[in-house]
Amino acid sequence: MADRIAGVVESRLRRSAYVRARRRSALRGRFVSPSHVEGPAAGYEPVRQILQDILESACEVMGSGQAFILVSRGRAALDVAATYAIDAGEVTQTVLAQCARAVNASMREKIMTAGDLHGYVLPMREGAGEEHAPAVLCVPLELNHHQGGVICLLRSQQARRMSDLDLEIVQALAEQASLAIGAASHHSALSRLQDSLSSFAHA
C-alpha cells in the first residue's frame, strides 16, 4: 500500500509539474512572504518553500483552493507556518469562523477531521453526501511532545468527493510536512546555539 501511494504521488506530481510552474508564476502574489508567517519555518527559506509545495500538492489531490499549516506555540498560541493561496491575515478569521472545532479536534485527538460550512465537525467517511460535503479537512502533524500542528485544506461545495486513496496521499504529505517543520526547528535551535556561543566567545 505504501508503494502504491508513493507511486501515485510521484505520478501526479510529475504529470502536473509544468502546470504547477505556470500556476505558481501566475499566482506569485498570492503566496505569503516570510514576514507574514511565524515560527521556525518562517525564517528558513528551504523549509518554507517545501511546505508551500506540500500545500499546493495537497490542494491538487483534494480539489482544494486554499490551504494553510498551523503549529502550536505554548499552550494557547498558534503560528501560521505556511499558506497557499490565502493571506495569513485571513487565516485567523477562517479558523475562528469556520475551522475552530475541526482544528481543535484534529490537534487534540491527533486524527484527521472534517468540518462543514457552519463549523461543525463531520464524521470522516469516503464519499460524504453532498448535503454534508466537508468545507474543511484538517490533517494532524506528528511533531514533538510539546508541539502540535495541523494542515487545513479549504474545499468548495463543487469539490469532488474524497476517496480513501486521496486521504492516504494527504496523510503522506502531512508526514513530509512534519519532517520539514522538525528540520526547521532543529535549524532554529542550532542558530540560537551558535549565536550564544559567539556572544560567549566575544564576551
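In what order do the six strands of the open sheet lie? The order is β2-β1-β6-β5-β3-β4, and the pairing is antiparallel. Strands here are DSSP runs of E with at least two residues, helices are runs of H or I with at least four, and both are numbered from the N terminus. Two strands count as paired if DSSP finds at least two bridges between them. This is a predicted model, in which local features need pLDDT of at least 70 and side-chain atom pairs count only at pLDDT 80 or more, while totals for chains, interfaces and linings use all residues. Residues are numbered from 1 along each chain as its sequence is written, and side-chain values use heavy atoms, with hydrogens and water left out.

Let's start at the edges: β2 and β4 (121-122) each pair on one side only. Elsewhere, β5 and β6 share six antiparallel bridges, and L137 stands opposite L153 in β6. Helix α3 packs on this sheet, touching β1, β2, β5 and β6 (contact means heavy atoms within 4.5 Å).

The largest nonpolar core has 35 residues, and L51, M62, I69, L137, L141, I151 and L153 touch the most other members. Such a core is a set of buried Ala, Val, Leu, Ile, Met, Phe, Trp, Tyr and Cys residues joined through side-chain atoms within 4.5 Å; buried means under 20% relative accessible area (1.4 Å probe, protein chains only). Helix α5 gives the largest share, ten residues. As for I151, its contacts include I54, L55, F68 and A174, not counting residues up to four places away in sequence. A second, separate core of 16 residues includes F68, V95, V136 and C138.

Notes
Buried < 20%, exposed > 50% of the residue type's maximum accessible area, 1.4 Å probe, protein only. Axes fitted to C-alpha atoms, helices over the stretch in contact; angles between N-to-C directions.
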